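Subject: Structure handover

Hi,

Here is the structure for you to look through. Please open it next to this email and follow along.

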Amino acid sequence: MADLRVDFGLLLEPLGFIKVLEWIFSIFAFATCGGFQGETTLLVSCKGVVNKTVTAAFAYPFRLNTVVFSAPDPKRCGGTWTDVYLVGNFSSSAQFFVTLAVLVFLYCISALVVYIGYKHVYQQNSKFPLTDFAITVITAFLWLVSTFAWAKALADIKVSTGASIIPGIESCKAPGTTCHFASVTSMGTLNVSVVFGLLNMVLWGGNVWFVYKDTNLRNQSNRISQSPGIYPTQRGI
(Lines give C-alpha, C1' and ligand atoms only; values in the text may rest on other atoms or scores of the structure.)
Protein backbone atom coordinates (compact mmCIF):
# COMPACT_ATOMS: atom_id res chain seq x y z
CA MET A 1 0.00 0.00 0.00
CA ALA A 2 1.35 3.44 -0.94
CA ASP A 3 2.57 5.72 1.85
CA LEU A 4 0.54 8.81 2.61
CA ARG A 5 2.61 11.97 2.17
CA VAL A 6 0.48 15.02 2.81
CA ASP A 7 1.59 18.12 0.92
CA PHE A 8 -0.84 21.05 0.76
CA GLY A 9 1.70 23.06 -1.22
CA LEU A 10 0.29 21.54 -4.41
CA LEU A 11 -2.89 23.55 -3.88
CA LEU A 12 -0.88 26.67 -4.72
CA GLU A 13 0.17 25.18 -8.06
CA PRO A 14 -2.13 25.48 -11.11
CA LEU A 15 -3.08 21.78 -11.12
CA GLY A 16 -4.25 21.78 -7.50
CA PHE A 17 -5.65 25.31 -7.42
CA ILE A 18 -7.82 24.77 -10.50
CA LYS A 19 -9.08 21.49 -9.07
CA VAL A 20 -10.22 23.32 -5.92
CA LEU A 21 -12.07 25.86 -8.09
CA GLU A 22 -13.69 23.04 -10.08
CA TRP A 23 -14.84 21.47 -6.81
CA ILE A 24 -16.34 24.75 -5.54
CA PHE A 25 -18.00 25.68 -8.83
CA SER A 26 -19.58 22.23 -9.15
CA ILE A 27 -21.27 22.78 -5.77
CA PHE A 28 -22.76 26.08 -6.94
CA ALA A 29 -23.87 24.50 -10.22
CA PHE A 30 -25.97 21.71 -8.71
CA ALA A 31 -27.13 23.79 -5.73
CA THR A 32 -28.51 26.67 -7.80
CA CYS A 33 -30.32 24.32 -10.19
CA GLY A 34 -31.34 21.39 -7.99
CA GLY A 35 -32.56 23.54 -5.11
CA PHE A 36 -34.96 25.74 -7.08
CA GLN A 37 -38.65 26.01 -6.19
CA GLY A 38 -41.11 28.41 -7.79
CA GLU A 39 -44.72 29.01 -8.72
CA THR A 40 -46.84 30.64 -11.39
CA THR A 41 -49.83 32.70 -10.27
CA LEU A 42 -53.00 33.63 -12.15
CA LEU A 43 -55.98 35.80 -11.19
CA VAL A 44 -59.26 34.14 -12.17
CA SER A 45 -62.76 35.61 -12.19
CA CYS A 46 -65.75 33.37 -12.87
CA LYS A 47 -69.19 32.47 -11.49
CA GLY A 48 -69.19 33.55 -7.82
CA VAL A 49 -65.45 34.32 -7.83
CA VAL A 50 -63.65 37.61 -8.41
CA ASN A 51 -59.87 37.81 -8.88
CA LYS A 52 -59.21 34.54 -7.15
CA THR A 53 -55.55 33.57 -7.00
CA VAL A 54 -54.68 30.17 -8.46
CA THR A 55 -51.14 28.83 -8.37
CA ALA A 56 -49.03 26.09 -9.91
CA ALA A 57 -45.93 25.20 -7.89
CA PHE A 58 -42.98 23.73 -9.79
CA ALA A 59 -39.43 22.71 -8.89
CA TYR A 60 -36.45 20.62 -10.01
CA PRO A 61 -36.46 18.42 -12.10
CA PHE A 62 -39.08 20.58 -13.91
CA ARG A 63 -41.62 18.02 -15.06
CA LEU A 64 -44.05 20.83 -15.73
CA ASN A 65 -46.59 18.59 -17.44
CA THR A 66 -47.35 17.04 -14.04
CA VAL A 67 -47.97 20.42 -12.34
CA VAL A 68 -51.62 21.46 -12.03
CA PHE A 69 -53.10 24.81 -11.06
CA SER A 70 -55.23 24.97 -7.94
CA ALA A 71 -58.99 25.40 -8.50
CA PRO A 72 -60.46 28.92 -8.06
CA ASP A 73 -63.15 27.64 -5.66
CA PRO A 74 -64.61 24.35 -4.39
CA LYS A 75 -67.39 24.52 -6.99
CA ARG A 76 -64.77 24.91 -9.74
CA CYS A 77 -66.47 27.96 -11.27
CA GLY A 78 -69.82 26.22 -11.50
CA GLY A 79 -68.27 23.17 -13.12
CA THR A 80 -66.59 25.06 -15.98
CA TRP A 81 -63.07 24.84 -14.51
CA THR A 82 -61.14 21.69 -15.45
CA ASP A 83 -57.66 20.74 -14.32
CA VAL A 84 -55.08 23.02 -15.94
CA TYR A 85 -51.52 21.71 -16.32
CA LEU A 86 -48.35 23.49 -17.27
CA VAL A 87 -46.71 22.37 -20.50
CA GLY A 88 -43.38 20.64 -21.01
CA ASN A 89 -41.04 18.11 -19.42
CA PHE A 90 -37.50 19.44 -19.00
CA SER A 91 -36.27 16.84 -16.53
CA SER A 92 -33.74 15.23 -18.88
CA SER A 93 -31.72 18.43 -19.41
CA ALA A 94 -31.99 19.48 -15.75
CA GLN A 95 -31.01 16.06 -14.40
CA PHE A 96 -28.15 15.75 -16.87
CA PHE A 97 -26.76 19.07 -15.67
CA VAL A 98 -27.18 18.34 -11.95
CA THR A 99 -25.93 14.74 -12.19
CA LEU A 100 -22.79 15.87 -13.98
CA ALA A 101 -22.18 18.53 -11.32
CA VAL A 102 -22.54 15.96 -8.52
CA LEU A 103 -20.21 13.47 -10.24
CA VAL A 104 -17.68 16.24 -10.83
CA PHE A 105 -17.94 17.20 -7.15
CA LEU A 106 -17.13 13.62 -6.11
CA TYR A 107 -14.31 13.25 -8.63
CA CYS A 108 -12.69 16.50 -7.52
CA ILE A 109 -12.63 15.26 -3.93
CA SER A 110 -10.95 12.01 -5.05
CA ALA A 111 -8.46 13.88 -7.24
CA LEU A 112 -7.56 16.31 -4.44
CA VAL A 113 -6.92 13.40 -2.07
CA VAL A 114 -4.50 11.94 -4.62
CA TYR A 115 -2.86 15.31 -5.35
CA ILE A 116 -2.37 16.13 -1.67
CA GLY A 117 -1.60 12.74 -0.15
CA TYR A 118 -0.32 10.55 -2.99
CA LYS A 119 1.34 12.90 -5.45
CA HIS A 120 4.43 10.69 -5.53
CA VAL A 121 2.33 7.72 -6.67
CA TYR A 122 0.56 9.92 -9.24
CA GLN A 123 3.91 10.97 -10.72
CA GLN A 124 5.51 7.51 -10.67
CA ASN A 125 2.64 5.63 -12.31
CA SER A 126 1.94 6.94 -15.81
CA LYS A 127 -1.58 5.46 -15.79
CA PHE A 128 -2.82 7.98 -13.22
CA PRO A 129 -1.95 11.13 -15.22
CA LEU A 130 -3.34 9.55 -18.41
CA THR A 131 -6.60 8.64 -16.66
CA ASP A 132 -6.81 12.13 -15.18
CA PHE A 133 -6.19 13.64 -18.62
CA ALA A 134 -8.90 11.51 -20.29
CA ILE A 135 -11.44 12.34 -17.57
CA THR A 136 -10.61 16.04 -17.81
CA VAL A 137 -11.14 16.12 -21.59
CA ILE A 138 -14.41 14.18 -21.36
CA THR A 139 -15.69 16.31 -18.48
CA ALA A 140 -14.93 19.55 -20.32
CA PHE A 141 -16.96 18.28 -23.28
CA LEU A 142 -19.83 17.14 -21.03
CA TRP A 143 -19.95 20.57 -19.36
CA LEU A 144 -20.27 22.11 -22.81
CA VAL A 145 -23.14 19.82 -23.83
CA SER A 146 -25.01 19.87 -20.52
CA THR A 147 -24.75 23.63 -20.03
CA PHE A 148 -26.11 24.50 -23.46
CA ALA A 149 -28.85 21.87 -23.13
CA TRP A 150 -29.83 23.27 -19.74
CA ALA A 151 -29.73 26.87 -21.01
CA LYS A 152 -32.14 25.92 -23.82
CA ALA A 153 -34.41 24.11 -21.35
CA LEU A 154 -34.38 27.12 -19.02
CA ALA A 155 -35.48 29.40 -21.83
CA ASP A 156 -38.39 27.03 -22.54
CA ILE A 157 -39.28 26.85 -18.83
CA LYS A 158 -39.60 30.63 -18.72
CA VAL A 159 -42.00 30.51 -21.66
CA SER A 160 -44.02 27.64 -20.18
CA THR A 161 -44.50 29.44 -16.86
CA GLY A 162 -44.92 32.99 -18.15
CA ALA A 163 -47.80 35.12 -19.39
CA SER A 164 -47.94 33.30 -22.73
CA ILE A 165 -49.72 30.34 -21.08
CA ILE A 166 -53.03 32.22 -20.80
CA PRO A 167 -54.23 31.70 -24.42
CA GLY A 168 -53.71 27.95 -24.10
CA ILE A 169 -55.92 27.48 -21.01
CA GLU A 170 -59.31 26.18 -22.16
CA SER A 171 -60.99 26.87 -18.80
CA CYS A 172 -60.26 30.57 -19.22
CA LYS A 173 -62.27 30.57 -22.46
CA ALA A 174 -65.51 29.52 -20.76
CA PRO A 175 -68.34 32.11 -20.83
CA GLY A 176 -68.12 34.49 -17.89
CA THR A 177 -64.54 33.43 -17.03
CA THR A 178 -61.51 35.72 -17.30
CA CYS A 179 -57.90 34.96 -16.45
CA HIS A 180 -55.01 37.36 -15.95
CA PHE A 181 -51.37 36.51 -15.45
CA ALA A 182 -50.22 37.69 -12.02
CA SER A 183 -46.62 36.61 -11.44
CA VAL A 184 -43.98 33.93 -11.64
CA THR A 185 -41.10 33.32 -9.26
CA SER A 186 -37.84 34.96 -10.30
CA MET A 187 -35.49 32.52 -11.96
CA GLY A 188 -32.32 34.43 -11.18
CA THR A 189 -30.77 31.45 -9.40
CA LEU A 190 -31.36 29.29 -12.47
CA ASN A 191 -29.63 31.92 -14.60
CA VAL A 192 -26.73 31.72 -12.15
CA SER A 193 -26.60 27.95 -12.60
CA VAL A 194 -26.05 28.44 -16.34
CA VAL A 195 -23.25 30.91 -15.60
CA PHE A 196 -21.57 28.37 -13.32
CA GLY A 197 -21.98 25.75 -16.02
CA LEU A 198 -20.08 27.99 -18.44
CA LEU A 199 -17.42 28.69 -15.81
CA ASN A 200 -16.99 24.98 -15.20
CA MET A 201 -16.67 24.40 -18.94
CA VAL A 202 -13.90 27.03 -19.16
CA LEU A 203 -12.12 25.70 -16.07
CA TRP A 204 -12.09 22.11 -17.23
CA GLY A 205 -11.13 23.11 -20.76
CA GLY A 206 -8.22 25.21 -19.48
CA ASN A 207 -7.15 22.49 -17.07
CA VAL A 208 -6.62 20.06 -19.96
CA TRP A 209 -3.23 21.66 -20.62
CA PHE A 210 -2.02 21.45 -17.01
CA VAL A 211 -3.04 17.80 -16.71
CA TYR A 212 -1.52 17.04 -20.11
CA LYS A 213 1.86 18.33 -18.93
CA ASP A 214 1.98 15.54 -16.32
CA THR A 215 1.36 12.75 -18.83
CA ASN A 216 3.97 10.77 -20.74
CA LEU A 217 2.31 11.97 -23.95
CA ARG A 218 4.05 15.33 -23.55
CA ASN A 219 7.32 13.65 -22.62
CA GLN A 220 7.16 11.49 -25.73
CA SER A 221 6.45 14.49 -27.96
CA ASN A 222 9.39 16.34 -26.40
CA ARG A 223 11.74 13.41 -27.04
CA ILE A 224 10.64 13.21 -30.67
CA SER A 225 11.15 16.94 -31.22
CA GLN A 226 14.58 16.86 -29.55
CA SER A 227 15.89 13.75 -31.36
CA PRO A 228 18.67 14.53 -33.89
CA GLY A 229 17.53 14.62 -37.47
CA ILE A 230 18.96 12.30 -40.14
CA TYR A 231 20.16 14.17 -43.17
CA PRO A 232 21.23 12.56 -46.47
CA THR A 233 24.93 12.72 -47.37
CA GLN A 234 25.65 15.50 -49.79
CA ARG A 235 27.86 14.65 -52.74
CA GLY A 236 30.03 17.08 -54.51
CA ILE A 237 29.28 17.99 -58.07
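The structure holds four salt bridges. A salt bridge here is a side-chain nitrogen of Lys or Arg within 4 Å of a carboxyl oxygen of Asp or Glu. Please note that this is a predicted model: local features need pLDDT of at least 70, side-chain atom pairs count only at pLDDT 80 or more, and totals for chains, interfaces and linings use all residues. Residues are numbered from 1 along each chain as its sequence is written, and side-chain values use heavy atoms, with hydrogens and water left out.

Here are some of the bridges. Glutamate 22 pairs with lysine 19, at 3.1 Å from N to O. Both sit in helix α1 (residues 14-34). They are three residues apart, about one turn of the helix. Helices are DSSP runs of H or I with at least four residues, strands are runs of E with at least two, and both are numbered from the N terminus.

Are glutamate 22 and lysine 19 buried or exposed? Both are buried. Buried means under 20% relative accessible area, exposed means over 50%, and partly exposed is in between (1.4 Å probe, protein chains only).

Next, aspartate 83 meets arginine 76 in a salt bridge of 2.8 Å, N to O. Aspartate 83 has 46% relative accessibility, so it counts as partly exposed. Arginine 76 is partly exposed too, because its value is 30%.

Then look at lysine 173 and glutamate 170. Their closest N and O atoms are 3.4 Å apart. Lysine 173 is exposed, because its relative accessible area is 51%. Glutamate 170 is exposed as well, at 57%.

Now the nonpolar surface. Which residues make the nonpolar patch? They are Phe96, Phe141, Leu144, Val145, Phe148 and Leu198, and the patch covers about 520 Å². Patches are made of residues with over 30% relative accessible area and no salt bridge; like charges are joined within 9 Å, and nonpolar side chains (Val, Leu, Ile, Met, Phe, Trp, Tyr) within 5 Å. Accessible areas come from the Shrake-Rupley method with a 1.4 Å probe, and for residues only the protein chains shown count as cover.

Helix α5 (residues 127-160) gives the largest share of the patch, four residues. Phenylalanine 96 belongs to helix α3 (residues 91-117). It is partly exposed, because its relative accessibility is 31%.

At 38% relative accessible area, alanine 182 is partly exposed. Leaving out residues up to four places away in sequence, it touches Thr41, Leu42 and Leu43. A contact means heavy atoms within 4.5 Å. Alanine 111 is 71 residues from alanine 182 along the chain, and their C-alpha atoms are separated by 48 Å.

Finally, the whole chain. It has seven helices and three strands. From the N terminus, the order is α-β-β-α-α-α-α-β-α-α. The C-alpha trace spans about 105 × 60 × 25 Å along its principal axes.

The radius of gyration is 28 Å, whereas a compact globule of 237 residues would have one near 18 Å. That radius is taken over C-alpha atoms, and the globule rule is 2.2 Å times the number of residues to the power 0.38.

Of the 237 residues, 38% are buried. The accessible surface comes to about 13,200 Å², and 64% of it belongs to carbon and sulfur atoms.

Best wishes
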